[in-house]
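Here is a report on one protein model.

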Amino acid sequence: MTEPKVVDITLPFESSEDETAQKKAVGRKLKVSPKRIQSLRLVKHSLDARRPAIKVQLRFEVGIDSPLDPEPTPEIRLPKLSASAKTVIIVGSGPAGLFAALRSLQNGWKPIVIERGKDASARRYDLAPILRKGTVIEDSNYCFGEGGAGTFSDGKLYTHQARPRS
Ligand SMILES: Cc1cc2nc3c(=O)[nH]c(=O)nc-3n(C[C@H](O)[C@H](O)[C@H](O)COP(=O)(O)OP(=O)(O)OC[C@H]3O[C@@H](n4cnc5c(N)ncnc54)[C@H](O)[C@@H]3O)c2cc1C
């Protein structure tokens, strides 16, 4: 298995989901034609909303001239829940809520996570009115929604293993 190239790019919010724009920026950074980029795998996504022109920072693994190897499936070993497993109600899917859910599963309890906000992808679009118009969507904003306030942290709260840069 060959180690993929890892590259960081910054794009304006509006074009950050556009694959052509992503390939162009990655190609520029790696000094290769975008046509040679066979696959991009997003490994980190963060928002820089300190100025009115919102920027998105993206880290990709890049397959040049050949596609990336398939990602290994993470293995999580948890006890099987019995039919009589205790139910734990967890309010909020921030780092504390998600960790409580994991601990519950490890202890053989059935967690039910209740979250007032939207999923993480939808939340990104709900931040724009705060910066552009100064209006806050009450249930989906920097603090409320999947991942809690941790979703938009600078990375300290993330625990997945980062690959070294090649
Ligand atoms: C703007 C900002 C930037 C930050 N940046 C960083 C950083 O860069 N690095 C860092 O390490 N930490 C950062 N923090 C701190 C970090 O995000 C928090 O310490 C962490 O998110 C707290 O986790 P939590 O699970 O306790 O609470 P939260 O993350 O606040 O999660 C609470 C969850 O409960 C949900 N909820 C609330 N009320 C209800 C209800 N009535 N019903 C259902 N769900 C509900 C919310 O929607 C939310 O998902 C930042 C915090 C903020 C606000």
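Glu14 is exposed, at 57% relative accessibility. Here buried means under 20% relative accessible area, exposed over 50%, and partly exposed in between, with a 1.4 Å probe and protein chains only. The model is predicted: local features need pLDDT of at least 70, side-chain atom pairs count only at pLDDT 80 or more, and totals for chains, interfaces and linings use all residues. Residues are numbered from 1 along each chain as its sequence is written, and side-chain values use heavy atoms, with hydrogens and water left out.

Glu14 pairs with Arg132 in a salt bridge, with 3.0 Å between the closest N and O atoms. Glu14 sits in the loop between β1 and α1 and Arg132 in helix α4 (residues 128-132), so the bridge ties together parts 118 residues apart in sequence. Arg132 is partly exposed, with a relative accessible area of 44%. A salt bridge requires a side-chain nitrogen of Lys or Arg within 4 Å of a carboxyl oxygen of Asp or Glu. By this rule the count is 11. Helices (H or I, at least four residues) and strands (E, at least two) are DSSP runs, numbered from the N terminus.

Arg41 belongs to strand β2. Its relative accessibility is 17%, which counts as buried. Beyond its neighbours within four places in sequence, Arg41 contacts Arg59, Phe60, Glu61, Leu68, Asp69, Pro70 and Glu71. Contact means heavy atoms within 4.5 Å.

Two of the salt bridges involve Arg41. In the bridge with Glu61, the closest N and O atoms are 3.0 Å apart. Glu61 lies in strand β3 and Arg41 in strand β2, so this pair links parts 20 residues apart in sequence. Both Glu61 and Arg41 are buried. In the bridge with Glu71, the closest N and O atoms are 3.9 Å apart. Glu71 lies in the loop between β3 and β4 and Arg41 in strand β2, so this pair ties together parts 30 residues apart in sequence. Glu71 is exposed, at 53% relative accessibility. Through shared partners, salt bridges join Arg41, Glu61 and Glu71 into one network.

## Pro70 in the loop

Pro70 lies in the loop between β3 and β4. Pro70 is exposed, with a relative accessible area of 71%. Pro70 and Ile89 are 19 residues apart in sequence, and their C-alpha atoms are 36 Å apart in space.

Helix α1 covers residues 19-30. Its 12 residues reach 16 Å from first C-alpha to last, close to the 16 Å expected at 1.5 Å a residue. The expected span is 1.5 Å times one less than the number of residues. Ala21, Gln22, Lys23, Ala25, Val26 and Gly27 are buried in α1. Their cover includes β1 (5-12), β2 (37-48) and β3 (55-64).

Helix α2 also has 12 residues and reaches 16 Å, close to the 16 Å expected. Which residues of α2 are buried? They are Gly97, Ala101 and Ser104. Seen down the axis of α2, these fall within an arc of 60°, so they line one face of the helix. The arc is that of the directions from the helix axis to the C-beta atoms. An α-helix has 3.6 residues a turn, so residues three or four places apart point the same way. The buried residues of α2 pack against β4 (87-91) and β5 (110-114). Just after α2, Gly108 takes a positive phi of about 80°.

## A nonpolar surface patch

Ile76, Leu78, Phe99 and Leu102 make a nonpolar surface patch of about 380 Å². Patches are made of residues with over 30% relative accessible area and no salt bridge; like charges are joined within 9 Å, and nonpolar side chains (Val, Leu, Ile, Met, Phe, Trp, Tyr) within 5 Å. Phe99 lies in helix α2 (residues 95-106). Phe99 is partly exposed, at 48% relative accessibility.

## The whole chain

The protein chain has 4 helices and 5 strands. Their order along the sequence is β-α-β-β-β-α-β-α-α. The C-alpha trace spans about 60 × 50 × 20 Å along its principal axes.

Of the 166 residues in the protein chain, 31% are buried. Among contacts between residues at least 6 apart in sequence, 55% join residues at least 24 apart. The accessible surface comes to about 11,300 Å², with 55% belonging to carbon and sulfur atoms. Accessible areas come from the Shrake-Rupley method with a 1.4 Å probe; for residues, only the protein chains shown count as cover.
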